[in-house]
Amino acid sequence: MALNNNEMTDKEYRKISADARRSISRKYGFRQSSYINFTVESGYFFCLYFMTGDVRLTVKPMYADDLWWNIWDASDNKNEPLSLRGTGAYSLSGQVLASYEIKDTTDKNKLENQFEQLFNGATAEITKFIADNPDADTFYPDESKMDYDPDRLLYLMALIHNGKEEDALAIIKEARKNRHRCIFQSGMLSDSYTYIRRWCNREQATIRIRNVFASLFNNIVKIRAYALMALGRNNRNDTIPCPWDVKLLDVGIVTALCLSIIFQWHNFTLVWITLAVYFIFVWFLDFGKRSKRYCIRFGNLPDKTRLRWKICMWILVVALYIYLFAIIYFLRYDTDR
């Protein structure tokens with residue numbers, strides 16, 4: 001956007017635009033977060049995206065993200081603010097109901113009038129949509145109007161929600177034949193469709209057992225990722241742990257294990273086996289960047305939760321190294337004797 005420097009800077013324009021948008025949106029029952037305004041009505045999540053001058057109104061059932069997050073092993077997102085359904089990296093796209101245009105202007109009144117017309121039109125569009133689709137549970141999106149959903153996730157969630165798992169699996173099978181690559185990846189071998197297939201087949205005994213171990217492993221990956229992020233500066237924008245924090249935790253744990261074995265059993269062969277197993281396990285945890293999404297998710301946790309993690313982890317690390325020094329002292333004492 002080009003603005004006259006004598007009139008207003010780009011930053012100043014964004015501020016008055018956001019303020020005007022917030023003021024007008026409240027009159028129509030919309031809430032605002034960053035570049036979106038949203039409202040929840042009749043079991044639907046309606047969202048206006050103000051990414052550029054072109055504004056899109058989208059809709060999706062409220063259950064869709066909840067179900068997807070359960071499938072994607074990100075159920076913690078359900079406890080986050082509602083705005084995450086519009087701004088979250090792992091949130092589903094909605095069906096586009098209408099598009100609008102906001103023209104750049106430094107005239108506050110003209111800007112407010114544009115927002116007034118936009119929110120008035122969006123409210124009318126929402127009212128008409130609900131009249132045509134009163135039951136969110138049985139709504140199926142018109143995929144020709146989707147706001148970029150190449151993996152058809154919203155449609156698949158609608159199928160699964162309505163007990164049509166076989167239809168969902170058939171779509172995935174056909175996509176696999178065509179070598180479709182999903183946007184959401186987990187490691188090098190899993191993607192959105194991998195998780196959906198496991199979910200649809202979860203009633204089978206072998207799948208259930210596998211899911212138990214997968215859940216346990218994912219929890220270990222999650223806890224380790226949170227622990228490493230907590231040892232850092234606690235900056236919300238950090239998406240990977242500091243290498244020094246990784247060394248601090250890993251060196252402390254592996255040294256404690258090895259010295260405990262030496263102190264108890266004086267078995268150096270077991271020490272080497274422990275070292276090998278530990279580093280293979282850690283490598284497997286980080287293989288294919290499995291922990292990346294949990295590191296990102298840590299930054300989205302409430303400040304108090306991140307602070308509790310930080311305090312607990314530093315208490316653990318301090319206790320771990322006190323234990324190490326105690327073992328070293330007793331080893332030296334035994335050697336002197």
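**View A. Leu48 stands opposite Leu57 in strand E4.** The close-up is taken from a predicted model, in which local features require a pLDDT of at least 70 and side-chain atom pairs count only at pLDDT 80 or more, while totals for chains, interfaces and linings use all residues. Residues are numbered from 1 along each chain as its sequence is written, and side-chain values rest on heavy atoms, with hydrogens and water left out. Strands and helices are DSSP runs, of at least two residues for strands (E) and at least four for helices (H or I), numbered from the N terminus. Strand E3, residues 44-49, and strand E4, residues 54-61, pair in the antiparallel sense over six bridges, where pairing requires that DSSP finds at least two bridges between the strands. The two strands form a hairpin with four residues between them, and along it Thr58 in E4 is the bridge partner of Cys47.

**View B. Strand E3 is mostly covered, with six of its six residues buried.** Buried stands for a relative accessible area under 20%, exposed for one over 50% and partly exposed for values in between, computed with a 1.4 Å probe on protein chains only. Tyr44, Phe46 and Leu48 point one way from E3, whereas Phe45, Cys47 and Tyr49 point the other way, and all of them are buried. E3 also pairs in the antiparallel sense with strand E2, residues 36-41, over six bridges, and Ile36 stands opposite Tyr49 of E3. In the hairpin of E2 and E3, which has two residues between the strands, Ser42 takes a positive phi near 55°.

**View C. Five strands make up an open sheet in the order E1-E2-E3-E4-E5, with antiparallel pairing.** Strands E1 (31-33) and E5 (95-101) stand at the edges with a single partner strand each, so one side of each has no neighbour in the sheet. Direction ignored, neighbouring strands of this sheet are turned by 25° against each other on average. Helix H1, residues 10-27, lies across E1 and E2 and runs at about 155° to E1; such angles run from 0 to 180 degrees between N-to-C directions, and axes are lines fitted to C-alpha atoms, for helices over the stretch in contact.

**View D. Helices H5 (residues 153-161) and H6 (residues 165-177) pack at an angle of about 150°, with their axes 7 Å apart.** The two helices are therefore roughly antiparallel to each other, a label for angles over 145 degrees, whereas those under 35 count as roughly parallel, 65 to 115 as roughly perpendicular and the rest as oblique. Tyr155, Leu156, Leu159 and Ile160 in H5 meet Glu165, Asp167, Ala168, Ile171 and Ile172 in H6, contact being defined by heavy atoms within 4.5 Å. The residues of this contact divide into seven nonpolar, no polar and two charged, where Ala, Val, Leu, Ile, Met, Phe, Trp, Tyr, Cys and Pro count as nonpolar, Asp, Glu, Lys and Arg as charged, and the others, Gly among them, as polar.

**View E. The axes of helix H2 and helix H7 (residues 192-200) come within 9 Å and cross at roughly 90°.** Leu67, Trp68, Asn70 and Ile71 in H2 meet Ser192, Tyr195, Ile196 and Trp199 in H7, and the residues of the contact divide into six nonpolar, two polar and no charged.

**View F. Asn77 is placed in the loop between helix H2 (62-71) and helix H3 (84-87).** Asn77 is buried, with a relative accessible area of 11%. Leaving aside its neighbours within four places in sequence, Asn77 is in contact with Trp69, Leu84 and Arg297.

**View G. Ser93 is placed in the loop between H3 and E5.** With a relative accessibility of 23%, Ser93 counts as partly exposed. Not counting residues up to four places away in sequence, Ser93 touches Lys60, Met146, Asp147, Tyr148, Asp149 and Leu154. Ser93 and Arg21 are 72 residues apart in sequence and, C-alpha to C-alpha, 23 Å apart in space.

**View H. The protein chain averages a pLDDT of 89, and 94% of the residues score at least 70.** pLDDT is the predictor's confidence in each residue, on a scale from 0 to 100. Confidence in the protein chain is lowest in helix H8 (residues 205-230), at a mean of 84, and highest in E3, at 98. Over residues 1-6 pLDDT stays under 50, and for these residues the model has eight contacts beyond four places in sequence. Where pLDDT is low, the predicted coordinates should not be read in detail.
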